[in-house]
Amino acid sequence: MLTKRIIPCLDVTDGRVVKGTNFVDLRDAGDPVESAVAYNKQGADELVFLDITASSDARNTMVDVVAATAAQCFMPLTVGGGIRTVEDMRRMLLAGADKVGVNTAAITNPDVINDGADMFGCQALVVAIDAKSNGDGTWNVYTHGGRNRTELDAIEWAKEMNRRGAGEILLTSMDADGTKNGYDIELTARVSDAVEIPVIASGGAGTLEHLAEVLENGKADAVLAASIFHFGDFTVAQAKDLLSSRGIPMRPIFTLS
Amino acid sequence: MTGILDYGAGNLQSVFKAVQAVGEPCKFVRTPDDASDIRALLFPGQGHFGDSIRQLKNSGLWDLVVEWVREDRPYFGICLGYQMLFESSEESPGIKGLGLIPGKVVRFPSAPGIKIPHMGWNTVEPTDPSDPLWLGLPEEKHFYFVHSFYPAPTDPQIDGAHTDYTGNRFASAIVKGNAVATQFHPEKSQALGLALLKNFFARIPA
């Protein structure tokens, strides 16, 4: 049976994890590669690096981080942030990423999704959608971390991205993000029903129950979470235990003896 | 020494590192001559069936793969390196595959609530659990999949493992003599994937 995925996300700037992670056994909590290795050991199902570096010259640092991680972690790795062109995609994929996440560029130049899918296959393309509620059961797509509203309807946009060749949708609720009050269940379910590709729910995780809710009622295929894991509140194993006990299919953790 | 077939279709670093991690020396095979001193051929692949067939033809490595598999030399195909062994694929109508194994590659049928691609960790059930390939692996075997198409071998005897997705039970691996091929990605399947690769190398006849 296909299991639901738990995907920790590490925000990286200038080659460092923002605010660091809080695993007891890390020498350097700000080192993205060390954090990735720790999550690999914890049994995370995939890993996402979000590059929030402002300057474009620091992107080379991210390429090095991806290469070092891919050499040590034999798990699927997605890199997002600042991916604007097919060339940007190629750089990250050649460095060792399995998938690239595209957000703003999909809005300013939607053809980049078609081109990327043709070139690298749809499995390599994750389209990130930041959505914010209009309070009437509709959601619009936002850019720039929720600051800029676009005229795009989030559900329709997800469908268009599916049509253009996205392999997966990474859906972040701007209303829920950072609140720790739980994912936007309605938004996630609506998008998941509207597209044929898998949906990763993001934004709002504060407890393990929240993960269960969005996988069950939100019909998400995977959950992205950052702070609940980074700061040692919960381990991936604890999350898997709870979700399994709720009857949600989870991959058991296996270590080589 | 194991050769990893590089026909110019993208990143092969993870496969290379995974083979190294299980203690097998390896190198890239970019010309037929590169294969002169290897004992096993690994054929990873990802992307589009038709494009990959074209690239393989252009690379001059087509005959190497055909002869290698026909002579039953140790072979490990991953994803497209599995699918390309077959005669054709619904992904690229009219394009002939390597044709080394009878059968064709088909797409998961679309249906409400069914997500395509089949993406994530799914269980793999070996048809012959006593095959040393599966030695030391846990009872419940999860591997990482990402694909919309899967091979349907004509001869079920070669099915090495089955996986169920949305009610479609398909051959997620084949085993035929010294040839092994998987739809899932051992190089992305953490400890289980490495264990499988290690077993494959240990299984090669001396």
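A few ground rules first. Residues are numbered from 1 along each chain as its sequence is written, with chains lettered from A and ligands numbered from 1 in the order in which they are written. Because the model is predicted, local features need pLDDT of at least 70 and side-chain atom pairs count only at pLDDT 80 or more, while totals for chains, interfaces and linings use all residues; side-chain values use heavy atoms, leaving out hydrogens and water.

**Exercise 1. Describe how chain A and chain B meet.**

Step 1: start with contacts, meaning heavy atoms within 4.5 Å. On the chain A side 38 residues take part, and they touch 36 residues of chain B.

Step 2: look at the area. Buried area is the accessible area (1.4 Å probe) that two parts lose on being put together, summed over both. Here that comes to about 2,900 Å², with 58% given by carbon and sulfur atoms.

Step 3: look for salt bridges (a side-chain nitrogen of Lys or Arg within 4 Å of a carboxyl oxygen of Asp or Glu). The rule finds 3 of them across this interface. One case is A:Asp98 with B:Lys188, where the closest N and O atoms are 2.9 Å apart.

Step 4: see which elements of chain A contribute. Helices (H or I, at least four residues) and strands (E, at least two) are DSSP runs, numbered from the N terminus. Two or more residues each come from α3 (86–95) and α5 (111–120) of chain A.

Step 5: sort the chain A side by class. Ala, Val, Leu, Ile, Met, Phe, Trp, Tyr, Cys and Pro count as nonpolar, Asp, Glu, Lys and Arg as charged, and the others, Gly among them, as polar. That gives 19 nonpolar, 8 polar and 11 charged residues.

**Exercise 2. Work out where the partners of some salt bridges sit, and whether they are buried or exposed.**

Step 1: get the total. Over all chains, the rule gives 24 salt bridges.

Step 2: take A:Asp45 and A:Arg251, which meet at 2.9 Å, N to O. A:Asp45 sits in the loop between α1 (32–42) and β3 (47–51) of chain A, and A:Arg251 in the segment after α10 (236–245) of chain A, so this pair links parts of the chain 206 residues apart. Buried means under 20% relative accessible area, exposed over 50%, partly exposed in between (1.4 Å probe, protein chains only). A:Asp45 counts as buried at 0% relative accessibility, and A:Arg251 counts as buried at 5%.

Step 3: move to B:Glu24 and B:Arg39, whose closest N and O atoms are 2.7 Å apart. B:Glu24 lies in the loop between α1 (13–21) and β2 (26–29) of chain B, and B:Arg39 in the loop between β2 and β3 (40–43) of chain B, so the pair ties together parts 15 residues apart in sequence. B:Glu24 is buried at 7% relative accessibility, whereas B:Arg39 is partly exposed at 33%.

Step 4: finish with B:Arg203 and B:Asp131, with closest N and O atoms 3.0 Å apart. B:Arg203 belongs to helix α5 (residues 190–203) of chain B and B:Asp131 to the loop between β8 (125–126) and β9 (142–147) of chain B, so parts 72 residues apart in sequence are tied together. Both B:Arg203 and B:Asp131 are buried.

**Exercise 3. Trace the open sheet of 3 strands in chain B.**

Step 1: write the order, which is β5-β6-β10 with mixed pairing. Two strands pair if DSSP finds at least two bridges between them.

Step 2: check each pair. β5(B) and β6(B) run parallel, joined by 2 bridges, and B:Ser88 stands opposite B:Lys104 in β6(B). Strand β6 (residues 103–107) of chain B and β10(B) run antiparallel, joined by 5 bridges, and B:Lys104 stands opposite B:Ala152 in β10(B).

Step 3: check how covered β10 is. In strand β10 (residues 149–153) of chain B, 4 of the 5 residues are buried.

**Exercise 4. Say what covers the buried residues of α3(B).**

Step 1: list the buried residues of helix α3 (residues 62–70) of chain B; among them are B:Trp62, B:Leu64 and B:Trp68.

Step 2: the cover includes β1, β2, β3, α2 (49–59) and β4 (75–78) of chain B.
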